[in-house]
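This briefing is meant for someone who is looking at the structure for the first time. It goes topic by topic, and it can be read with the 3D view open alongside.

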Amino acid sequence: MNNFIPLISHFLIPCLYPYTLTLTEIDINQTFDVLVIGAGAAGLYTALCLPASLRIGLITKENLTLSASDWAQGGIAAAISPEDSPKLHIEDTLKAGAGLCDVKSVEFLAHKAPDCIQALVNLGVAFDRHGTSLALTLEAAHSRHRVLHAADTTGREVTTTLANQVLCCPNIQVIQQALALSIWLDTKTGHCQGISLFYEGEVTWLRAGAVVLATGGGGQVFAQTTNPAVSTGDGVAIAWRSGAIIRDPEFVQFHPTALIKPGRFLISEAVRGEGAHLIDDQGRRFAFDYHPAGELAPRDVVSRAIFSHLQGTTKDLATAHVWLDMRPIDPDRIRQRFPNIIKVCQYWSIDVFSQPIPVSPAAHYWMGGILTNLENRTSIPGLYAVGETASTGVHGANRLASNSLLECIVFGAQMADLKLPSVIPSNLHPSHPSSWECNLSGWESQKSVLESMRENLPRLVWQSAGICREQVSLDQAIAQVVFWQGEFASLPLSQFLKTLPGGTPAKFNYSDINQLLRLWAETQNLLDVAYLILKSAAFRKESRGGHYRSDYPEVVNEWQVHTMIQDDRWWKSEGI
């Protein structure tokens, strides 16, 4: 049955507010039917697809559209061409996934994709067109032209359109500049009953019949990443601390072509799809030395090709780079397809029409995450996950280009069928009616410890669990992270929040508490994400997809299984 077209019709309403609407301070001491954490494509579309009769809280720690989805350039994949089919889309996705995709999930994704595109078009997403037809481009590892785009800012176009619709929905309360701290579990049943939230200088507790984590990835755990600063792995970390099952966190996709400038701006896969060449200092297209598809090989292959090629030079690998040459593309085509890339390169005094762009790999997308099924359910009743923070099985060991935005929309739409408990208890916990107060008089020393961790952790993870990994450096990094976790746990602020009973609000007598508690929370999440990635990378004794071990460089059949984690227990899944 076609779920998408009827599903979204209830929120296709004229928007009376400008997109830049400023949300004033609001009273959130209430109960919601559903809380959605995260406001990228996954969170926005989930909020829109939930039944309009439900009271929905949409929580974002920044502003409404500051997310990795907003930064997505390339596009969204769907088999809508007469020369294409869901079957071919499935085959390409499975091939890229290196034996670890869930076939049923991939089939679901590919078959729903055309309806997904129509739903976005109906909402007003302005994809590029050739005449009256939607324009399609080719990206790496796709066998057909099937990637829809809006110039080179597709993610921004999608999230802007979705955000405008969210702001028009009276049943959705947007809570900006709010930070989810933990899952609130019912101590008797183990069900998720809400979250703890830091908002306007206080810790508060929100009850809900269901909580949906849509917090995106964790690229900030690496020193080199294309992800925005908000991508600190929050959803995976808080779910793991609550006992949810995590799957395959070792699989990280490194995008081959990030601009070698501050911010690591991503030069879209679509640039190579349109005909750009990867060249070295001598102008030679070296990628064919490593794979017959050259620049259009899967991302992990191209990233390792660049890494390996640079190892053969005398350059410092921390700053070394190759070149992406757009000159083979027709200039008018460049202007039409990549205006934002032109603009960013111009800012750095790079003329893409006359000179190549300096690029190197950077952490881009996290294939692993919270284990979910086709209904987005996690192993904790009442807790759901959508988008990059989830492990649906569609990406396997390596995501096919432009399947990420598609996953957000396809699985977000599944929340239309959400069934809630018949009764949601009131917000306040009866045994803890009054607030606790925290004195942060010794905060400066704690702040110094946290800032040191935030600076050194990404460097450690990049060096030990980046493009190439091996046992000795992984073990050393794990030991260091465990030491830092111990230091973090001993901080007075950590001790205070750890002993705060569920349902009890907390107040702080510190003027700069908003910035400081965010530093504390994100540092905890990054430490936990680093631990999960490092231990899983050490656990998997092979190379597959986005996980490459220089000491175990081959794919091993007995490792065609998932890495499963709950609490501090690692195990292999059943064979695939």
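The model is a predicted one, and the values given here are computed from it.

- Once its neighbours within four places in sequence are set aside, Val203 is in contact with several residues, among them Leu181, Phe198, Leu497, Pro505, Phe508 and Leu517.

**An open sheet and the helices packed on it**

- Five strands, in the order 18-16-11-21-22, make up an open sheet whose pairing is mixed.
- Strand 18 (390–391) and strand 22 (569–572) are the edge strands, each of them pairing on one side only.
- Two bridges link strand 11 (residues 246–247) with strand 16 (residues 369–371) in the antiparallel sense, and across this pairing Ile246 has Ile370 in strand 16 as its bridge partner.
- Helix 7 (residues 234–241) packs on the sheet, where it touches strand 11, strand 16 and strand 21 (563–566), and the direction of helix 7 makes about 45° with that of strand 16.
- Helix 16 also packs on the sheet, touching strand 21 and strand 22, and the direction of helix 16 makes about 40° with that of strand 22.

- Helix 6 (residues 154–167) has 14 residues and reaches 20 Å from its first C-alpha to its last, which is close to the 20 Å expected at 1.5 Å a residue.
- Because 10 of the 14 residues of helix 6 are buried, this helix is largely enclosed by the rest of the structure; the buried residues include Thr154, Gly155, Val158, Leu162, Gln165 and Leu167.
- Strand 15 (residues 357–366) is likewise largely enclosed by the rest of the structure, because 10 of its 10 residues are buried.
- Strand 15 pairs with strand 12 (residues 252–259) in the antiparallel sense over six bridges, and in this pairing Ala258 stands opposite Ser360.
- Strand 14 (residues 322–325) runs antiparallel to strand 15 and is joined to it by three bridges, with Leu324 having Ile357 of strand 15 as its bridge partner.

**Aromatic residues**

- There are 13 aromatic pairs in the structure.
- The rings of Tyr347 and Trp348 form an edge-to-face pair, because their planes stand at 90°, with the ring centres 5.0 Å apart.
- Of these two residues, Tyr347 counts as exposed at 64% relative accessibility, whereas Trp348, at 29%, counts as partly exposed.
- Phe539 and Trp559 are also an edge-to-face pair, with planes at 90° and ring centres 5.4 Å apart.
- Since Phe539 lies in helix 16 and Trp559 in the loop between helix 16 and strand 21, this pair ties together parts that are 20 residues apart in sequence.
- Phe539 is partly exposed, with a relative accessible area of 22%, while Trp559 counts as buried at 7% relative accessibility.
- One aromatic cluster is formed by Phe198, Trp436, Phe496 and Phe508.

Notes
Residues numbered from 1 in each chain as written. Predicted model: local features only at pLDDT ≥ 70, side-chain atom pairs only at ≥ 80, totals over all residues. Heavy atoms only, no water. Contact = heavy atoms within 4.5 Å. Pairing = 2+ DSSP bridges. Helix = DSSP H or I, 4+ residues; strand = E, 2+ residues; numbered from the N terminus. Axes fitted to C-alpha atoms, helices over the stretch in contact; angles between N-to-C directions. Expected span 1.5 Å × (residues − 1). Buried < 20%, exposed > 50% of the residue type's maximum accessible area, 1.4 Å probe, protein only. Phe/Tyr/Trp six-rings, centres within 6.5 Å; stacked < 30°, edge-to-face > 60°.
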